[in-house]
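Me: I am new to reading protein models and would like a close look at one part. Could you start with a pair of residues in a sheet and then show me how the rest connects?

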Amino acid sequence: QVSLVESGGGLVQAGGSLSVSCVASGNILSIDDMGWYRQAPGKQRELVASITTGTITNYSDSVKGRFTISRDNAANTVYLQMNSLEPGDTAVYYCNARIKTTGWRAFRDYWGQGTQVTVSS
């Protein structure tokens, strides 16, 4: 009933910038917190940034000062602007959202399919 689709990943040189976006669609009643996670090969998935409905943000220490998370509630979209990219940022980036649907009126976690971000040195 709900899908999250990321876009905007790609290959970028170290020091460059990329922006990724995630659009939620389907039978959505409301969306609570949203966030971005990433997972490198052989590594655990880790939180990158999160944002509440009140636009309170939280960042991992490794991206603080370089990345900015934002959201557009009218468009059911969350964004991640990534500046000063480093090779260590290379990973598949996944969006996450806590969503209530009209068919199940309790918040559940939904995940996007992921978008690859590769930073070359």
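Which residue in strand 8 stands opposite Thr68?

Reply: Thr68 stands opposite Gln81 in strand 8. Before we go on, please keep in mind that this is a predicted model, where local features need pLDDT of at least 70 and side-chain atom pairs count only at pLDDT 80 or more, while totals for chains, interfaces and linings use all residues. Residues are numbered from 1 along each chain as its sequence is written, and side-chain values use heavy atoms, with hydrogens and water left out.

Now to your strand. Strands here are DSSP runs of E with at least two residues, numbered from the N terminus, and two of them pair if DSSP finds at least two bridges between them. Strand 7 and strand 8 (residues 77–82) are antiparallel partners, with 6 bridges. They belong to an open sheet of 4 strands in the order 1-3-8-7, paired in the antiparallel sense. At its edges are strand 1 (2–7) and strand 7 (67–72), each of which pairs on one side only. On average, neighbouring strands in this sheet are turned by 15° against each other, direction ignored; such angles are taken between N-to-C directions, from 0 to 180 degrees, using axes fitted to C-alpha atoms.

Next, look at Arg66, in the loop between strand 6 and strand 7. A salt bridge is counted when a side-chain nitrogen of Lys or Arg is within 4 Å of a carboxyl oxygen of Asp or Glu. The structure holds 6 of these salt bridges. Arg66 makes one with Asp89, the closest N and O atoms being 2.8 Å apart. Because Arg66 lies in the loop between strand 6 and strand 7 and Asp89 in the loop between strand 8 and strand 9, this pair ties together parts 23 residues apart in sequence. Arg66 also meets Glu86 in a salt bridge, at 3.8 Å from N to O. That pair links distant parts of the chain, 20 residues apart, with Glu86 in the loop between strand 8 and strand 9 and Arg66 in the loop between strand 6 (57–59) and strand 7.

How open are these residues? Buried means under 20% relative accessible area, exposed over 50%, and partly exposed in between, with a 1.4 Å probe and protein chains only. Arg66 is buried at 11% and Asp89 is buried at 1%, whereas Glu86 is partly exposed at 39%. These residues sit in a network of salt bridges that links Arg38, Glu46, Arg66, Glu86 and Asp89.

Let us move to strand 9. Strand 4 (residues 28–39) runs antiparallel to strand 9, and 9 bridges join them; Ile31, for instance, has Ile99 in strand 9 as its bridge partner. A salt bridge between Arg98 and Asp32 spans 2.5 Å from N to O. Arg98 lies in strand 9 and Asp32 in strand 4, so this contact ties together parts 66 residues apart in sequence. Arg98 is partly exposed at 30%, while Asp32 is buried at 18%.

Cys22 and Cys95 form it, with their sulfur atoms 1.9 Å apart. Since Cys22 lies in strand 3 (residues 18–26) and Cys95 in strand 9 (residues 91–101), the link ties together parts that are 73 residues apart in sequence. Cys22 is buried at 1%, and Cys95 is buried at 0%.

Finally, some rings. Rings of Phe, Tyr and Trp (its six-membered ring) pair if their centres lie within 6.5 Å; planes under 30 degrees apart are stacked, over 60 edge-to-face, and the rest tilted. Tyr37 and Trp111 are edge-to-face, because their ring centres are 4.9 Å apart and their planes meet at 65°. This pair connects Tyr37 in strand 4 with Trp111 in strand 10 (residues 104–111), 74 residues apart. A charge sits over a ring if NZ of Lys or CZ of Arg is within 6 Å of the ring centre and within 35 degrees of the ring normal. Arg45 lies over the face of Trp111, 4.6 Å from the ring centre, and the charged end of Arg45 sits over the ring of Tyr94 at 3.9 Å from its centre.

Technical notes: Disulfide = S-S within 2.5 Å.
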